Amino acid sequence: MSDNGTLWPLETPSQEGLADGVVLLRNFCGSDAASLLQEIDTIAAVAPFRQLTVPGGHTMSVAMTNTGTFGWTSDRAGYRYTTNDPLSDRPWQPMPRSFLALAELAATEAGFAPFTPNACLINRYAVGAKLSLHQDKDELDYTHPIVSVSLGLPATFLLGSLQRSDTPRRIRIESGDVMVWGGPARLIYHGVAPIRPGSHPLTGSFRINLTFRCVMH
Ligand code: SIN
Ligand code: FE2
């Protein structure tokens, strides 16, 4: 009970500095989760989730789509950003205003204002799906942070350093949590451990992640 008699919800938003340039905003957007997921359904109805092939020939376990001016994609020829969805050859759909507002607010909260992303990668993890340690380095400008929003099933985020060989820290992240990294941490190695079986009221047996980037000015 606070001074004014308000009973705070169990999961009050809080901020954790995990490393220089890495901020975890706990339950930053929990109350927006349902409406964010509705927007994602609308996006995926036009640009469906797909499992991309990486240059080595392996198929990623995470299914992906995009919204924004640029979308991240991969095939045997390499990783890149495109303005059109390679499946339809039509432009990725404009980023919903609510996505932009959330990304801007989270970046500001984490000390990285101003941030106006022009790409949002949408990752969908089924149980067992994972993302190996990698750096986000296909953008042309590293002065902007990465804003990463978690929805649905929880995950273990692998928080590495600038050296691939360092053992990553394991951070449990839940629906509504937002992780922001930039500045000295912009090129940290990171990944996601295999998603554990479970059921979430909003996403069932999936985890969804939104990763906002500024690809170029
Ligand atoms: C990513 O690195 O693109 C996604 C990270 C996450 O799913 O939390
Ligand atoms: Fe990443």
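A donor is an N, O or S atom within 2.8 Å of the metal. In this predicted model, three residues supply donors to the iron ion (ligand 2): His134, Asp136 and His190. A search of the whole structure also finds three aromatic pairs.

**The iron site**

- The site has four donor atoms, with angles of 89 to 172° among them.
- Four donors count as tetrahedral if all angles lie between 85 and 135 degrees. The range at this site reaches 172°, and the site is irregular.
- Along the sequence, the donor residues follow the spacing H-x1-D-x53-H.
- Asp136 is buried, at 4% relative accessible area.

**A stacked aromatic pair**

- Two aromatic rings are described by the distance of their centres and the angle of their planes.
- Trp72 and Tyr79 are stacked, with 5.5 Å from centre to centre and 25° between the planes.
- Trp72 is buried, at 9% relative accessibility.
- Tyr79 is partly exposed, with a relative accessible area of 44%.

**An edge-to-face aromatic pair**

- The planes of Phe99 and Phe212 stand at 85°, so this pair is edge-to-face. Their ring centres are 6.1 Å apart.
- Phe99 belongs to helix H2 (residues 97–109), and Phe212 to strand S15 (residues 206–213). The pair therefore ties together parts that are 113 residues apart in sequence.
- Phe99 is buried, at 0% relative accessibility. Phe212 is buried too, with a relative accessible area of 0%.

**A charge over a ring**

- Arg207 lies over the face of Tyr125, 4.9 Å from the ring centre.

Terms used. Residues are numbered from 1 along each chain as its sequence is written. Chains are lettered from A and ligands numbered from 1 in the order in which they are written. This is a predicted model: local features need pLDDT of at least 70, side-chain atom pairs count only at pLDDT 80 or more; totals for chains, interfaces and linings use all residues. Side-chain values use heavy atoms; hydrogens and water are left out. Donors are N, O and S atoms within 2.8 Å of the metal (3.2 Å for Na, K and Ca); water is not among the atoms, so sites may look incomplete. Four donors count as tetrahedral if all angles lie between 85 and 135 degrees; four count as square planar and six as octahedral if opposite donors are over 155 degrees apart and all others between 65 and 115; anything else is irregular. Buried means under 20% relative accessible area, exposed over 50%, partly exposed in between (1.4 Å probe, protein chains only). Rings of Phe, Tyr and Trp (its six-membered ring) pair if their centres lie within 6.5 Å; planes under 30 degrees apart count as stacked, over 60 as edge-to-face and the rest as tilted. Helices (H or I, at least four residues) and strands (E, at least two) are DSSP runs, numbered from the N terminus. A charge sits over a ring if NZ of Lys or CZ of Arg is within 6 Å of the ring centre and within 35 degrees of the ring normal.
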